[in-house]
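Subject: Structure handover

Hi,

Here is the structure for your files. Please look it over before reading my notes.

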Amino acid sequence: QVRLVESGGGLVQAGESLRLSCTASGSIFSVDAMGWYRQAPGEQRELVAEITSGGNTNYADSVKARFTISRDNAKNTVYLQMNSLKPEDTAVYYCKMSIQSFTRSTLRYWGQGTQVTVSS
């Protein structure tokens with residue numbers, strides 16, 4: 001069974017940086033697309049950044065030029081480097097991966113979420 005575990009969240013002041021990581025373990029043949037989403041209380045979950053297996057990236061306009069998504073395929077890990085954090089970045093951040101099993105079926109998996117709080 002596949003499990004995604006996130007780490008790196010915390011409480012920081014505006015202008016500081018955080019680096020989130022998410023590692024998948026279990027029955028994994030390959031990992032395709034990876035992404036980060038976030039959800040603030042009372043808000044819809046939104047895409048923050050995504051990266052394809054080929055390394056193509058896509059960012060929400062609100063984080064572009066401040067956040068960087070990257071991946072380490074050997075470790076089944078996706079990272080999110082967050083610089084120049086703003087209070088509006090405060091949310092629970094979730095990682096997502098499309099994972100192919102050894103039976104060649106592909107499913108989407110979510111991490112447990114990690115809290116990022118940015119104070120003024």
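Below are the conventions, then the findings.

This is a predicted model: local features need pLDDT of at least 70, side-chain atom pairs count only at pLDDT 80 or more, and totals for chains, interfaces and linings use all residues. Numbering starts from 1 along each chain as its sequence is written, and side-chain values use heavy atoms, without hydrogens and water.

Fold. The protein chain has zero helices and eleven strands (DSSP runs: helices are H or I, at least four residues; strands are E, at least two; numbered from the N terminus). Its radius of gyration is 14 Å, close to the 14 Å from the globule rule for 120 residues, so the chain is as compact as a globular protein of that length. That radius is taken over C-alpha atoms, and the rule is 2.2 Å times the number of residues to the power 0.38.

Burial. Of the 120 residues, 40% are buried (under 20% relative accessible area, 1.4 Å probe, protein chains only).

Core. The largest nonpolar core holds 30 residues. Such a core is a set of buried Ala, Val, Leu, Ile, Met, Phe, Trp, Tyr and Cys residues joined through side-chain atoms within 4.5 Å. Trp36, Val78, Leu80, Met82, Tyr93 and Met97 have the most contacts inside it. Strand β9 gives the most to this core, with five residues.

Contacts. Leaving aside neighbours within four places in sequence, Tyr93 is in contact (heavy atoms within 4.5 Å) with residues including Glu6, Trp36, Phe67, Leu80 and Val116.

Best wishes

Notes
Buried < 20%, exposed > 50% of the residue type's maximum accessible area, 1.4 Å probe, protein only.
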